[in-house]
Amino acid sequence: MKIQLNARNRAHHFDAAPADKILYAGLSQAIGLPYECGSGTCGTCKARLLSGEIDDAWPDAPGRKYFKHADDFLMCQCSARGDVSVEVASFVEDFDPGVCVPAAIKGRIRSSQMLTHDVIDLHIDIDTPMDFDAGQFVLIRVPGIAGYRGWSMVNYERGARSLQFVVKNKPGGKLSEWLFSSSAPESRDGAEVELFGPLGSATFYPSIAKNILCIAGGSGIAGMMAILARAAGENYFAEHSGNVFFGVRSMKDAFYLDVLSRLRAQCGDKLHVMVALSDGAASAADQAAYPLLAFDTGFVHLAAERHMQGRYQGLRAYLAGPTPAVDASVRMLLMSRVSSDNIRYDKFS
Ligand SMILES: Cc1cc2nc3c(=O)[nH]c(=O)nc-3n(C[C@H](O)[C@H](O)[C@H](O)COP(=O)(O)OP(=O)(O)OC[C@H]3O[C@@H](n4cnc5c(N)ncnc54)[C@H](O)[C@@H]3O)c2cc1C
Ligand code: FES
């Protein structure tokens with residue numbers, strides 16, 4: 001099938017196999033189509049059908065609430081039945097050279113392990129080596145469950161054969177029920193999954209040469225771990241500061257504190273890591289167990305606001321986690337005069 005996509009700046013032409021979602025077909029041919037979640041909720045991939053016919057895999061997708069016209073559709077949910085012509089309201093460029101081009105690949109859950117009562121550490125071995133940047137995510141699909149889910153990589157490497165994730169249980173969620181319903185999550189080990197990626201622009205490269213601010217809610221810490229691993233590996237915090245705010249409800253919801261402590265020890269005083277507990281203060285024993293980490297109470301964006309005052313110059317912010325936490329953090333940063341191009345986020349919508 002031939003897809004003609006008219007953007008504000010120019011037309012793009014690409015092919016799509018039957019049942020291929022138009023968004024994934026374009027991205028896998030290095031065309032920078034607009035998207036955020038890649039999975040039907042944000043509405044960013046909205047396009048308008050000019051000619052031809054499409055199939056919609058998820059007619060109830062929440063992202064449809066942004067539609068203004070009967071011919072609007074979500075490129076991440078729709079495939080072409082034959083040749084189609086569509087238009088999007090934004091500028092669309094080809095990928096810059098060196099950007100990792102996403103592809104559909106297959107994988108198998110290698111191991112899973114509970115990190116807290118509702119967060120799992122999960123490794124997936126993949127059939128084809130994947131290049132990705134620190135801070136990116138993939139879409140995952142499990143046979144028998146409709147649609148893809150975004151999961152952010154904890155590890156960072158080129159030519160990766162294995163991807164590491166932290167996944168939080170969403171009560172009532174379909175994939176969550178599949179992953180967490182058994183008393184032994186490792187019963188999913190060996191299960192086959194489909195992936196599409198890498199995706200996302202909340203990426204870190206040492207060449208940005210800016211101070212880093214990371215604000216993560218819960219499993220939003222995943223991509224931050226990749227960013228910190230890359231920065232630590234390149235001795236980035238010898239020159240630039242890093243401030244990490246990790247928000248969880250209470251200490252029973254916290255994880256990776258040992259890894260964060262080790263990174264703090266490795267990188268020195270320019271890296272500052274604070275755990276913000278929204279349901280109450282850390283005990284003296286908890287603080288003594290993690291002497292290199294700081295603790296505060298309250299929502300994570302408010303902890304960041306308190307501790308970052310006057311320190312927003314020359315900064316790139318990375319935000320990830322539940323939508324309300326990311327939205328509140330974006331508002332706080334804009335009010336603090338951080339420019340929108342220095343605010344990168346993934347909303348776990
Ligand atoms: C960019 C991004 C990165 C993310 N990274 C992480 C992470 O690192 N760790 C983590 O725990 N969570 C992450 N999430 C959230 C995660 O993708 C899931 O939303 C969450 O795990 C709950 O999935 P669920 O199936 O249990 O819930 P559900 O409510 O059943 O589904 C959640 C999502 O699945 C998709 N979906 C549901 N039904 C359909 C359908 N019928 N057809 C098509 N699609 C459907 C939709 O996108 C929906 O929002 C991320 C989300 C995004 C957008
Ligand atoms: S990218 Fe399609 S709805 Fe978010």
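The centres of domain 1 and domain 3, taken over C-alpha atoms, lie 35 Å apart. Those two belong to a set of domains into which the chain is divided: domain 1 (2-87), domain 2 (103-199) and domain 3 (206-347). The bounds come from an automatic or database domain assignment.

A word on what we are looking at: this is a predicted model, where local features need pLDDT of at least 70, side-chain atom pairs count only at pLDDT 80 or more, and totals for chains, interfaces and linings use all residues. Residues are numbered from 1 along each chain as its sequence is written, while chains are lettered from A and ligands numbered from 1 in the order in which they are written.

Now the whole chain. Its C-alpha trace spans about 65 × 45 × 35 Å along the principal axes. The chain has 7 helices and 19 strands, which are DSSP runs numbered from the N terminus (helices are H or I, at least four residues; strands are E, at least two).

How much of the chain is buried? Of the 349 residues, 42% count as buried. Buried means 20 or more other C-beta atoms within 10 Å of a residue's own, exposed means 12 or fewer, and partly exposed is in between, with C-beta atoms placed from the backbone.

Let's visit A103, in strand 8 (residues 103-114). A103 is partly exposed because 14 other C-beta atoms lie within 10 Å. Its C-alpha atom is 20 Å from that of L5, 98 residues away along the chain.

Next, helix 3, residues 221-233. Its 13 residues reach 18 Å from first C-alpha to last, close to the 18 Å expected at 1.5 Å a residue; that expected span is 1.5 Å times one less than the number of residues. Buried residues in helix 3 include I221, M224, L228 and A231. After helix 3 comes N235, with a positive phi near 55°.

Finally, ligand 1. Which residues come nearest to ligand 1? Of the 26 around it, they are G147, G150, G173, L175 and S176; a residue counts as near if its C-beta atom, placed from the backbone, lies within 6 Å. Strand 11 (149-152), strand 12 (160-168) and helix 2 (174-180) each supply at least two residues of that shell.
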